[in-house]
Amino acid sequence: MIDKPKDPLADSDTFAERRVAWLGERLPAPRISFEFFPPKTEGAEAKFWESVTKLQSLQPSYVSVTCGAGGNPAEGTASLVTRLREDAGFEAAAHLTCATASKTEIEDIARAYWHDGVRRIVALRGDRPKDGTQPGANHHRYAADLVATLKTIGDFDIAVAGYPEIHPEAKSADADLDNLKCKVDAGADKVITQYCFETDSVLRFRDAMVGRGIDAQIAVGVLPVQNFVLTKRFSNACGAKLPDWLGALYEGLDEDPEQRGLIGASVAAEQARRLVLEGFEELHFYTLNRANLTVATCRLLGLKPTLAHAA
Ligand code: FAD
């Protein structure tokens, strides 16, 4: 069952031993994970590894690497997962999408991951080809089909996507929850949520999951916003809502990245604090390959970098 303690401090055994502080207030310590994407240029790659070094000291439970839309969904992802595991010492998950790869290609990729020791997969449908081509018999139609296939290849720890504000293609909120239940029934262990700035929507989503008997861990996606204009662009594409109050906070700051960063970390930390007080035990940070805001957010939550890495 998904725990929702009224007062998490009254039930300290349900949380990790570490306790964190928020301006003197004691909070349970959430588990944290970080999402990255494969950098596209040499310059971006150099910055990426700088970010990784800063984030290492926060000791996430694991990190995950997205895969690009279209083409081979392991390209760029597999090699970065290997480096993050072998060079940076992270437990790393590979995102795997099935919209543009055949069933045979997916099975080959999954077998290669299992062979290489990758045990965590974030299983996704991905976006359908822009030309409107529909999946044929040799393609998985939905992520639930992909989850079922992965389970026949190895006992992967599988996470799937959940949408507190409903996936844009879903016929209804109920239909979207039915789909989520299919994914969990097919073998998914965890639901990572799309970022969602209205925390009430995340709470309603958890209640709806519990009401539907969807028994999986939830990792709440948190996006610390550095660049509001860019966030607006990709939120339109993925169907995440941008509340007016958030837009107002960034008004007039297009030329002031420093101020935007301070606001982004502060908003993300406020949301994270509320989620932790509401009993969520895991937060998944969409880092966009940058460290500063995620590090600041975690520090505001009281999660301290380990001395070994900070030195
Ligand atoms: P599905 O769960 O298959 O759902 C897709 C749509 O189909 C939903 O509207 C659902 O309600 C509907 N549906 C499902 N089953 C049925 C059915 N049987 N009948 C009718 N309708 C049905 N994209 C990438 O390209 N690469 C990534 O690395 C990536 N990582 C992501 C990580 C997270 C945590 C999240 C939240 C999203 C990520 N995405 C990524 C985006 C994701 O691929 C898109 O949101 C995609 O459009 C849907 O993927 P899904 O796995 O949720 O699909």
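A disulfide is taken here as a pair of cysteine sulfur atoms within 2.5 Å. The model is predicted, so local features need pLDDT of at least 70 and side-chain atom pairs count only at pLDDT 80 or more, while totals for chains, interfaces and linings use all residues. Residues are numbered from 1 along each chain as its sequence is written, and side-chain values use heavy atoms, with hydrogens and water left out.

Figure 1. Searching the whole structure gives 0 disulfides.

**Figure 2. The aromatic pair F36 and F48.** Rings of Phe, Tyr and Trp (its six-membered ring) pair if their centres lie within 6.5 Å; planes under 30 degrees apart count as stacked, over 60 as edge-to-face and the rest as tilted. The count by this rule is 8 aromatic pairs. In F36 and F48 the ring centres are 5.2 Å apart and the planes stand at 90 degrees, so this pair is edge-to-face. Because F36 belongs to strand β3 (residues 31-36) and F48 to helix α1 (residues 42-56), the pair ties together parts that are 12 residues apart in sequence. Helices (H or I, at least four residues) and strands (E, at least two) are DSSP runs, numbered from the N terminus. F36 and F48 are both buried.

**Figure 3. The aromatic cluster of Y195, F197, F234 and Y286.** Within this view, Y195 and F197 make a tilted pair, with 5.6 Å from centre to centre and 55 degrees between the planes. Both Y195 and F197 are buried.

**Figure 4. Helix α1 and its buried residues.** The 15 residues of α1 reach 21 Å from the first C-alpha to the last, close to the expected 21 Å (1.5 Å times one less than the number of residues). Buried in α1 are F48, W49, S51, V52, L55 and Q56. Seen down the axis, these residues fall within an arc of 160 degrees, so they line one face of the helix; the arc is that of the directions from the helix axis to the C-beta atoms.

**Figure 5. Arginines over aromatic rings.** R119 lies over the face of W114, 3.6 Å from the ring centre (NZ of Lys or CZ of Arg within 6 Å of the ring centre and within 35 degrees of the ring normal). R206 is placed over the face of F280, at 4.1 Å from the ring centre.

Note on methods:
Buried means under 20% relative accessible area, exposed over 50%, partly exposed in between (1.4 Å probe, protein chains only).
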